[in-house]
Amino acid sequence: SAEDGYRLWLRYNTIDNPALLQQYRQQITSINCPVDDGKLVAANQELQTGLSGLLGKKVPAQPAIINGAVLLGLPERSPVIRKLVADSALAHLGDEGFIIRTVMYEGKNITLITANKEAGILYGVFHFLRLMQTQQPIRQLSITSAPKIKIRLLNHWDNLNRTVERGYAGSSIWDWQRLPGYIDQRYIDYARANASIGINGTVLTNVNANAIILTDEWLQKIAALANAFRPYNIKVYLTARFSAPVEIGKLKTADPLNEEVRKWWKDKTDEIYKYIPDFGGFLVKANSEGQPGPQNYNRTHADGANMLADAVAPHGGIIMWRAFVYSNETPEDRFKQAYNDFKPLDGQFRKNVLVQVKNGPIDFQPREPFHPLFGAMPQTPLMMEYQLTQEYLGFATHLVYMAPLFKEVLDADTHAKNNSTVAQIVDGTTDGHTLSGMAGVSNIGSDINWTGHPFGQANWYTLGRLAWDNTLTSAQIANEWLRQTFTNKSAFVDTVQKLMLASREIMVNYMTPLGLHHIMGYGHHYGPAPWYNKAPRADWNPVYFHKADSIGIGFNRTATGSNALAQYQPAVRQQFEELATCPEAFLLWFHHVPWDYKMHSGKTLWETLCDKYYSGVDSVRWIQRSWNGMKNYIDAERFSEVKQLLAIQEQEAVWWRNACLLYFQTFSNKPIPARYEKPD
Ligand code: GCU
């Protein structure tokens, strides 16, 4: 039923393995939780709902500690916990980490979930429930866990009229018209889902911001959402339109060094904190794609960010200032512009500012090299921005599991220092930052199943899990998501995990193999349009990015071209710069390569391009066959949804392949290899 999609990975169906069920029932008989705080209420409720579902019977609250108790609590309020857990065990867990342990207490077997703060207990409860949902052994637990990253956010690109920029799952879930009076159950379930994967904040509004959100009437609505989310340790953040002082404040200027402007933001911020005492702060897109910003007043991004940082600092707020900037007027390679603007500002930002950087230098392509700013601004915490909504990845129609994309970037070595993978830069270990962040541009909408494609849920899930623990592998995350979202049956999990793990490379192959990028349809970014050259600005045209001509194809970013490669550390630059060492996956990102160029395989570039496009289509058919075998393992509705979407994906993979190869063939003047001439 539709409910199968709605429940996400929080299904709590009764354990379908009788032996395990019996064992779980033996171990868990009651819940002992001193309910005296909002977050403990939520944790307690979730534990009750979860355990009752999983065990197929009500698990009662029990004020005495009996055999089989699950004991939730803070050491400071529980002498029992103080006796069982040494202070030193909690010392490094911060405000959000937790401990789960099975222990003997006065001859009774109990499971203990504790933490320094209520939020940690909430996360511990969700972890414990996940162990059971994925049918793991729980008899002897000794788990400590704390998040690697401090600010773990969704970014909603939601407008005030409930459209969603680049949203493909219905309209915005924020029902502004009925707020603040009406709290949709969806808000609570949204908060539960986020808390279950460790997400601790949400930016409610589009980066292409509307100043109106900062007015009194709207702040009341925001406060209502904040109240709904608070028990789940989720803070709300807003996007700030830089020109708001002019638009809603009636000032003449928004110059960040103007005293009146600074006072306006300070007063506005104080007002926001009156409504929302734990407001998180602002996310700002400035001087990018037509948005106003400090450069309109000949000020720098640091001037702009610091003005807002000063306004939120007394309240403990933060500013996430986006590095996604490129200007129409600059003839410079778009790849280079963010680095050129931001690198010189390193060291100039206030302590409560993070610079939010997209994973790659252009814009959320199926594959990008890591953004050259990572490793280049050691004095500034850089926040990772991923895009969960599949703007360039087939919207909510194509199945693509993005963990391998996210991990590829995190695992990349920036060579800025020792221990400076992108993961280590972002989580703050390389440069000793305590402030760290990761955000995913949300793929959530009003669709019953939240994300449109049932597998879109996996990307939301991944963002949370990776922000908590960037050492998790793509396979681990897929595995636990599948078990919770569909079934624990290994025939299903093994098969579908395989196709998920392959799905991103398959998409790269039929869309943008060998380092091609941004050749999607103009504006909407759906489907192929490598031929398009009529955009109002050059760097929105696919032809700008692939540069195919009679000699070859690809963007020369070496020293003989745009020299964007100079923005990387020498070790990275050299690897990409030499044709011999440049990984084939990134070849056309950095080189204009002749059609006859011999690849490592001995085949020519043209032949290899054909191979990639053809294999991409073939692999989508392999996914279809694998999925068809899954019919008996899951509910009919989701089985059929995915099957239908895969059929569209197959047609469109063929569309991508044929359109791109036929178009590029007009430059290469070479035949499609004979082995591919059979009709599909
Ligand atoms: C992309 C996207 C825009 C979005 C922008 C951003 O360019 O197409 O819709 O506003 O990214 O991240 O700011």
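User: Which residues have the most contacts inside the largest nonpolar core?

Analyst: First the general idea: in soluble globular proteins, nonpolar side chains tend to be buried together. In this predicted model, the largest nonpolar core has 220 residues, and F128, F229, W265, F282, W460 and F664 have the most contacts inside it. Take F229: leaving out residues up to four places away in sequence, F229 touches W174, Y187, Y190, A191, T202, L204, I234 and V236. Another core, of 14 residues, lies apart from the largest one and includes V80, L84, L93 and Y105.

User: Now helices. Which residues of α10 are buried?

Analyst: Those are V261, W264, W265, K268, T269, I272 and Y273. Look down the axis of α10 and its buried residues fall within an arc of 165 degrees, so they line one face of the helix. They pack against α8, α9, β9 and α11. The face turned away from that buried side carries the exposed residues E259, E260, K263 and K274.

User: And what happens at the start of α10?

Analyst: There, a side-chain oxygen of N258 comes to within 2.8 Å of the backbone nitrogen of E260.

User: I also want to check backbone angles. Is H525 buried or exposed?

Analyst: The cut-off for buried is under 20% relative accessible area; H525 counts as buried because its relative accessibility is 10%. Its phi is near 70 degrees, a positive value in a residue other than glycine. R166 also has a positive phi, near 60 degrees, but at 23% relative accessibility R166 counts as partly exposed.

User: Where is R166 found?

Analyst: In the loop between β6 and α7. P180 is placed in the loop between β6 and α7 too, and a cis peptide bond joins L179 and P180.

Conventions. Residues are numbered from 1 along each chain as its sequence is written. This is a predicted model: local features need pLDDT of at least 70, side-chain atom pairs count only at pLDDT 80 or more; totals for chains, interfaces and linings use all residues. Side-chain values use heavy atoms; hydrogens and water are left out. Buried means under 20% relative accessible area, exposed over 50%, partly exposed in between (1.4 Å probe, protein chains only). Helices (H or I, at least four residues) and strands (E, at least two) are DSSP runs, numbered from the N terminus. The arc is that of the directions from the helix axis to the C-beta atoms. Contact means heavy atoms within 4.5 Å. A polar contact is a pair of N or O atoms within 3.5 Å; within protein, one must be able to donate a hydrogen and the other to accept it, and residues adjacent in sequence count only if both atoms are side-chain atoms. A nonpolar core is a set of buried Ala, Val, Leu, Ile, Met, Phe, Trp, Tyr and Cys residues joined through side-chain atoms within 4.5 Å.
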